[in-house]
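I opened this model to look up its helices, its cores and a few side-chain pairs, and I kept short notes as I went.

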Amino acid sequence: MRKKKDSGFLKIIIGVTFGSILGYSIPALYDAVKSLQITYNIRILWYIVPILFVIALFLYFKSLQQFKAMNRDINLSEDDRFIYQVTQHNKASANAVNAYHILLLSLCLSITILIEPVTSHIITFAIYFIVCAIFYIFISKQTGKVLAAYPTITNSDVSIKFGDPNLMEKVIDGIDEGERLVMLRSLSKTYEIMILMLSVILMLLGIYQTLTGENQYLAMFSIAAVLIYSTVVYYKKNEEFNR
């Protein structure tokens with residue numbers, strides 16, 4: 001019991017220390033980047049946007065490669081083959097989803113070019129928006145293809161349609177008890193980590209605003225709204241399923 005208390009206290013100390021370091025280093029990094037941009041007359045953000053696009057492209061092709069490997073005919077036992085296919089499927093799915101998220105981040109960051117709405121900037125943003133839209137179509141097709149392969153791998157009786165708002169509920173209802181336990185544990189852990197990360201980000205935004213004087217109220221209120229909404233939905237659904 002004593003050891004558990006000490007372990008919990010140690011985690012809190014580590015978390016506070018890490019948060020303090022980030023809280024002080026982020027403004028310092030921001031000032032350094034700002035100084036660099038002024039000194040050399042460059043905009044680092046305009047370099048970050050294409051780099052993020054390239055990363056998204058890499059993850060997309062990685063997903064294609066892993067999906068192809070999943071369907072490869074390999075000489076393994078039935079159990080080993082199942083583990084191999086599930087592993088490749090999870091990697092392909094994760095990379096496709098992450099490719100979408102990074103692409104979205106790249107597109108959102110590119111909007112800052114419109115701070116100076118000259119003709120060349122508007123044309124550049126319009127072209128990049130079209131490129132991202134086309135790339136999103138390819139990512140969506142890959143995601144749909146990976147999702148559709150899940151019932152085949154797990155031999156589950158579930159119909160998967162990409163974009164279905166009740167997709168996860170249908171998948172959970174259609175898989176067996178063992179797979180359901182694995183999925184529910186994974187989702188539970190994901191929810192726990194996301195709540196923790198959002199709480200830490202909220203704290204860091206408060207520290208950042210205090211040290212730099214830059215208004216972060218919109219981001220802070222948005223994160224707080226997500227935290228409150230997710231908690232309300234969790235307990236509401238918990239109550240519904242317990243009836």
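The entries below follow the order in which I looked things up.

**Ground rules.** I worked from a predicted model, in which local features need pLDDT of at least 70 and side-chain atom pairs count only at pLDDT 80 or more, while totals for chains, interfaces and linings use all residues. Residues are numbered from 1 along each chain as its sequence is written, and side-chain values use heavy atoms, with hydrogens and water left out.

**Confidence.** I looked up pLDDT, the predictor's confidence in each residue from 0 to 100, and found a chain average of 78, with 71% of the residues scoring at least 70.

**Overall layout.** I counted secondary structure as DSSP runs numbered from the N terminus, with helices (H or I) of at least four residues and strands (E) of at least two. The chain comes to 7 helices and 0 strands, and its pattern along the sequence reads α-α-α-α-α-α-α. I took buried as under 20% relative accessible area, exposed as over 50% and partly exposed as in between, with a 1.4 Å probe and protein chains only; on that basis buried residues make up 26% of the 243 residues in the chain. With contact meaning heavy atoms within 4.5 Å, residues 24 or more positions apart account for 57% of the contacts with a separation of 6 or more.

**Helix H2.** I compared its reach with the expected span, which is 1.5 Å times one less than the number of residues. H2 has 26 residues and reaches 37 Å from its first C-alpha to its last, close to the 38 Å expected. Its buried residues include Val49, Leu52, Phe53, Ala56, Leu59 and Tyr60, and also Phe67 and Met70.

**Cores.** Which residues touch the most other members of the largest nonpolar core? I defined such a core as a set of buried Ala, Val, Leu, Ile, Met, Phe, Trp, Tyr and Cys residues joined through side-chain atoms within 4.5 Å. Of its 16 residues, Phe53, Leu103, Tyr128, Cys132, Phe135 and Ile139 touch the most other members. The elements that give two or more residues to this core are helix H2 (45-70), H3 and helix H4 (119-154), and H2 gives the most, with 6 residues. Setting aside residues up to four places away in sequence, Leu103 touches Phe53, Ala56, Cys132, Phe135, Tyr136 and Ile139. A second, separate core of 6 residues includes Phe67, Met70, Ala92 and Ile153.

**His89.** I then looked up His89, which is placed in helix H3 (residues 78-110). His89 has a relative accessible area of 6%, so it counts as buried. Apart from neighbours within four places in sequence, His89 is in contact with Met70, Val146, Ala149, Tyr150 and Ile153.

**Aromatic pairs.** I let rings of Phe, Tyr and Trp (its six-membered ring) pair if their centres lie within 6.5 Å, with planes under 30 degrees apart counted as stacked, over 60 as edge-to-face and the rest as tilted. A search of the whole structure finds 6 aromatic pairs. Tyr60 and Phe61 form an edge-to-face pair, 5.3 Å centre to centre with 65° between the planes. Tyr60 counts as buried at 10% relative accessibility, whereas Phe61 counts as partly exposed at 48%. Ring pairs link Phe53, Tyr60, Phe61, Tyr128 and Phe135 into a cluster.

**Helix H6.** Helix H6 (residues 177-212) has 36 residues and reaches 52 Å from its first C-alpha to its last, close to the 52 Å expected. Its buried residues include Glu179, Met183, Leu198 and Gly206, and Gly206 counts as buried because its relative accessibility is 18%. Gly206 and Met220 are 14 residues apart in sequence and 7.6 Å apart in space, C-alpha to C-alpha. Just after H6, Gly213 takes a positive phi of about 80°.

**Salt bridge.** How many salt bridges does the structure hold? With a salt bridge taken as a side-chain nitrogen of Lys or Arg within 4 Å of a carboxyl oxygen of Asp or Glu, I found that the structure holds 1. The side chains of Glu192 and Lys189 meet in a salt bridge at 3.8 Å, N to O. Glu192 and Lys189 both lie in helix H6, 3 residues apart, about one turn of the helix. Glu192 is partly exposed at 47% relative accessible area, and Lys189 is partly exposed at 46%.
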